[in-house]
Amino acid sequence: MKVAIGNDHGGLEYKNLLIEHLKALGHEVINVGTDTLDSCHYPIFAKKVADLVSLKEADLGVLVCTSGEGVCIAANKVKGVRCGIAYNDEVSHLMVEHNNANVIAFGQKFMEYQDVERRLDIFLNAKFMGGRHETRVNLITEIENK
């Protein structure tokens with residue numbers, strides 16, 4: 001699987017650890033995040049990941065900032081992207097199973113790394129359930145297209 005990953009200065013440590021984890025699992029990783037702790041603007045990196053997913057140049061996306069909120073909001077502005085914040089294990093699979101999420105966000109300051117890694121694995125292994133959930137995702141797409 002090809003995974004795009006991005007971060008701002010508030011997510012650098014976890015991004016680097018997640019890249020190694022993804023590679024160890026055999027995934028191809030596209031790193032479009034910052035590689036320094038210099039203050040920067042998270043929407044730039046969120047858009048880079050979201051664009052790669054939207055254009056199908058990456059299968060899924062991963063974003064890390066201080067809280068996860070900013071990158072999630074920015075990514076969801078890109079047509080075709082459905083990003084959620086993985087604040088617990090259950091949400092990490094439900095965002096895919098129910099919402100067909102294709103990008104996951106994490107907050108480095110508010111999450112322990114071992115939880116982030118586990119939740120990423122849950123997200124990567126989850127499958128969209130379709131059915132009544134597909135109807136709801138289609139309703140989201142209708143909103144997006146207006």
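Let's start with helix 1 (residues 12-24), which lies across strand 1 (2-7), strand 2, strand 3 and strand 5 and runs at about 170° to strand 1. Helix 2 packs on the sheet too, touching strand 1, strand 2, strand 3 and strand 5, with its direction at about 170° to that of strand 3. Contact here means heavy atoms within 4.5 Å, and axes are lines fitted to C-alpha atoms, for helices over the stretch in contact, with angles from 0 to 180 degrees between N-to-C directions. Helices (H or I, at least four residues) and strands (E, at least two) are DSSP runs numbered from the N terminus.

All of this comes from a predicted model, where local features need pLDDT of at least 70, side-chain atom pairs count only at pLDDT 80 or more, and totals for chains, interfaces and linings use all residues. Residues are numbered from 1 along each chain as its sequence is written, and side-chain values use heavy atoms, leaving out hydrogens and water.

Now the sheet itself: five strands make an open, parallel sheet in the order 2-1-3-5-4. Strand 2 (28-31) and strand 4 (83-85) are its edges, each pairing on one side only. Pairing takes at least two DSSP bridges between two strands; strands 4 and 5 pair in the parallel sense over three bridges.

On to the loops. Most residues other than glycine have a negative phi. Lys56, in the loop between helix 2 (42-54) and strand 3 (60-65), has a positive phi of about 65°. Asn100, between helix 4 (89-97) and strand 5 (103-107), has a positive phi of about 50°.
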